[in-house]
Amino acid sequence: MLLSLGVAVGNVIKGSFRQTYTPHHLLGRVTVSMQMLNYGTIPLAALLAGAIGAAYGTGTAIALTTGWLALTPVILLVGPLRRRRDLPAAPEVP
């Protein structure tokens with residue numbers, strides 16, 4: 001329940017941020033692009049997991065997946081978002 005609540009709150013914050021800081025004429029493109037990246041990788045990941053499971057066994061596939069998920073926060077630690085502490089005060093105007 002708490003995880004679902006956290007995901008819902010995060011989605012609301014992400015959506016509000018996107019609507020506030022994306023130029024109106026690009027909002028549809030940005031939203032669709034984000035959904036394509038999020039949902040479009042699910043079938044690819046399923047195929048990869050099936051291939052790993054078939055080649056090395058389900059236990060190995062689960063261990064690799066768990067290890068990969070544990071490493072994903074590293075992207076935030078080494079990327080430019082690490083230095084950002086606050087949201088922008090206003091959208092940037094080109």
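Predicted model: local features only at pLDDT ≥ 70, side-chain atom pairs only at ≥ 80, totals over all residues.
## The end of helix H2

## Along helix H2

H2 covers residues 27-56. From its first C-alpha to its last, this helix of 30 residues reaches 43 Å, close to the 44 Å expected at 1.5 Å a residue.

Where in H2 does the kink lie? Look at Ile42, shortly before the proline Pro43: the kink there is about 30°.

H3 spans residues 58-71, and its axis comes within 7 Å of the axis of H2, crossing at roughly 135°. An angle over 145 degrees would count as roughly antiparallel, and 65 to 115 as roughly perpendicular; H2 and H3 are therefore oblique to each other. Their crossing is right-handed.

Which residues of H2 and H3 meet? On the H2 side you will find Ala49, Ile52, Gly53 and Tyr56, and on the H3 side Thr58, Thr60, Ala61 and Leu64. Sorted by class, this contact has 5 nonpolar and 3 polar residues, with no charged ones.

## How H1 meets H2

Now turn to H1, which runs over residues 2-21. H1 packs with H2 at an angle of about 145°, and their axes are 10 Å apart. This crossing, too, is right-handed.

H1 brings Lys14, Arg18 and Gln19 to the contact, while H2 brings Leu27, Val30, Thr31, Met34 and Asn38. By class, the residues here divide into 3 nonpolar, 3 polar and 2 charged.

Conventions. Residues numbered from 1 in each chain as written. Heavy atoms only, no water. Axes fitted to C-alpha atoms, helices over the stretch in contact; angles between N-to-C directions. Helix = DSSP H or I, 4+ residues; strand = E, 2+ residues; numbered from the N terminus. Parallel < 35°, antiparallel > 145°, perpendicular 65-115°, else oblique. Left-handed = near helix turned anticlockwise from the far one by under 90°. Contact = heavy atoms within 4.5 Å. Nonpolar A, V, L, I, M, F, W, Y, C, P; charged D, E, K, R; others polar. Expected span 1.5 Å × (residues − 1). Bend = angle between axes of the 7 residues up to and from the residue.
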